[in-house]
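Let's take a walk through this model together. Have the sequence and the 3D view open side by side.

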Amino acid sequence: YPRHMGNPHLKKRSASSSTAAGGGGGGGAPSVSRAIVNVEVDKNGEISYDAIVKGGTNSDKTVYSRYEDLRGGEAKPEDVALPTDQEKEETANKTQAALQKILSQKTALN
């Protein structure tokens, strides 16, 4: 750059762009909003994090914040039961019909 023009990268920003009232868009530190949170403690003296998460807009939602919440319970017999012979036959027939449809479309194109 010519010396008489100065380096444009070193120009100072105007004072109005970094004022605190407008939020500025300038400056290095991000704006931080802080909230006071009431912390609940369980019977063992541990912080109850689910109470923190359930505060505010999440108060009507189910929150899973403990390891015990993540573990599965006992499986229901109907969820674990093997398919009956009739269910196997129905599934096999549906699969065969779907494969026949695909094959007939492929052979019709040739």
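Helices here are DSSP runs of H or I with at least four residues, strands are runs of E with at least two, and both are numbered from the N terminus. Keep in mind that this is a predicted model: local features need pLDDT of at least 70, side-chain atom pairs count only at pLDDT 80 or more, and totals for chains, interfaces and linings use all residues. Residues are numbered from 1 along each chain as its sequence is written, and side-chain values use heavy atoms, with hydrogens and water left out.

How much of the chain is buried? Of its 110 residues, 2% count as buried (buried is under 20% relative accessible area, exposed over 50%, partly exposed in between, with a 1.4 Å probe and protein chains only). The chain exposes about 10,800 Å², with 52% supplied by carbon and sulfur atoms; these areas come from the Shrake-Rupley method with a 1.4 Å probe.

Now look at Ile-52, which sits in helix α1 (residues 49-53). Ile-52 counts as partly exposed because its relative accessibility is 33%. Val-39 lies in the segment before α1 and is also partly exposed, at 46%. Val-39 is twelve residues from Ala-51 in sequence, yet their C-alphas are 7.4 Å apart in space.

Next, the largest pocket. Among the residues lining this pocket are Asp-42, Ile-47, Tyr-49 and Arg-66. By class, the lining has two nonpolar, three polar and five charged residues (Ala, Val, Leu, Ile, Met, Phe, Trp, Tyr, Cys and Pro count as nonpolar, Asp, Glu, Lys and Arg as charged, the others, Gly among them, as polar). A pocket is an open set of points on a 1 Å grid over the protein atoms alone, with protein on both sides within 12 Å along at least five of seven lines, and lining residues have an atom within 4 Å of a point.

Technical notes. On a 1 Å grid over the protein atoms alone, a cavity is a set of points where a 1.4 Å probe fits but cannot get out, and a pocket is an open set with protein on both sides within 12 Å along at least five of seven lines; lining residues have an atom within 4 Å of a point.
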